[in-house]
Amino acid sequence: MATAKHGLFSFGNWDFNITESHILKSDGPDREAFEKILSPLPQTPEMTYDQNILRVTHTERFGVELSALDALKLVNAEKDLMKVAVSEAWKSSRDESQHIHEVFKPFDWTFSTTYSGTLINEGEKALTVHPTTEKIDYEKLKIEEKILFFASLILYEDELADNGASILSLKCRAMASGYFILLRFYLRVDNVLVRIRDTRLYCDYSKNYILRECSLRESPYHQLDIPVTDITDANKVVDHLPLVSCTVEKLSYPPLDST
C-alpha cells in the first residue's frame with residue numbers, strides 16, 4: 001500500500017484532517033479489497049484515489065467526511081444510465097485486459113454519483129438534516145479574508161475510453177469566520193452531454209449549522225456554442241450549463257457552550 005500523507009489543521013473548535021496518496025494500483029490486493037467493498041459494481045474508475053480523504057470535525061465529534069469510496073457506493077451498479085453508442089467503445093477498450101465479454105454487466109460506466117458528503121456523528125451532539133430556504137451568502141464569501149487552510153483533492157477520474165471525462169474533486173478553504181467546501185462531479189461525454197453536480201458546504205462559525213447546497217447543471221453537447229477548450233474545463237463550462245435543480249439543507253447541531 002502506498003504511503004499516505006496526513007495533515008491536520010485546527011482552528012477554534014474545528015479540525016481539518018486531510019489524507020492524500022497516489023492512485024490505487026490497477027491490480028493487486030489493495031484494488032481487490034477496494035472493489036470487494038463496492039460489489040456488485042463491476043468496475044471502478046481508472047484513476048481512483050482511495051486514500052484521498054477530507055474529514056472536517058467539531059470537538060463535539062460531529063462533522064463531514066468526503067471520500068472516493070463513499071461516492072462510488074452511490075454509482076448505479078445495475079443500469080447503464082447513459083445509453084449511447086460510446087458505451088460500446090468503453091466496453092471494447094477493456095476487452096483484452098479484463099475479459100469484459102465474460103464479466104460485463106450493465107452499470108453506469110460514467111461513474112455518476114449524487115454523493116454530497118458523509119455525515120459524522122460520533123458524539124452526544126449530532127447533526128440533523130432538514131431543508132431550508134436560506135441560501136449561502138456568496139457575497140460574504142467574496143470578501144477578502146485570509147485563508148488559514150486550503151486543500152484540493154481529486155477523488156477519482158476516468159477518461160471513458162477516450163470518449164470524455166468523469167472527475168470527482170474537492171476544494172476546501174478555512175478562514176477565521178468559517179469554512180467553505182466545494183465537491184464537484186464533472187462529466188463530459190463527447191458529442192453527447194456535459195453535466196456538473198456541485199455540492200457546496202458552508203459553515204459560519206457564529207451559527208449552529210452548516211448549509212449544504214446541491215445543484216445540477218447540464219446541457220446537450222451540441223448546444224454548447226463555446227470553444228472546446230472551455231468545454232473540457234469544468235471551471236469555465238459551468239457558467240454555460242443551464243441549472244436543472246438546486247436544493248439547500250441545514251446540517252444543524254445543538255447550541256454549544258461558549259466556554
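Colleague: In what order do the eight strands of the open sheet run?

Modeller: This is a predicted model, in which local features need pLDDT of at least 70, side-chain atom pairs count only at pLDDT 80 or more, and totals for chains, interfaces and linings use all residues. Residues are numbered from 1 along each chain as its sequence is written, and side-chain values use heavy atoms, with hydrogens and water left out. Strands are DSSP runs of E with at least two residues, numbered from the N terminus, and two of them pair if DSSP finds at least two bridges between them. The pairing is antiparallel, and the order is β3-β8-β9-β10-β11-β12-β13-β7.

Colleague: Which strands stand at the edges of the sheet?

Modeller: An edge strand here has a single partner, so one of its sides is left without a neighbour in the sheet. This applies to β3 (47-48) and β7 (128-131).

Colleague: Which residue in β13 stands opposite Cys214?

Modeller: Strands β12 (residues 209-220) and β13 (residues 243-252) pair in the antiparallel sense over nine bridges. Opposite Cys214 stands Thr247.

Colleague: Is Asn17 buried, partly exposed or exposed?

Modeller: Asn17 lies in strand β2 and touches, among others, Gly7, Leu8 and Ile53 (heavy atoms within 4.5 Å). Buried means under 20% relative accessible area, exposed over 50%, and partly exposed in between, with a 1.4 Å probe and protein chains only. The relative accessible area of Asn17 is 29%, so Asn17 is partly exposed.

Terms used:
Helix = DSSP H or I, 4+ residues; strand = E, 2+ residues; numbered from the N terminus. Lists of a residue's contacts leave out its neighbours within four places in sequence.
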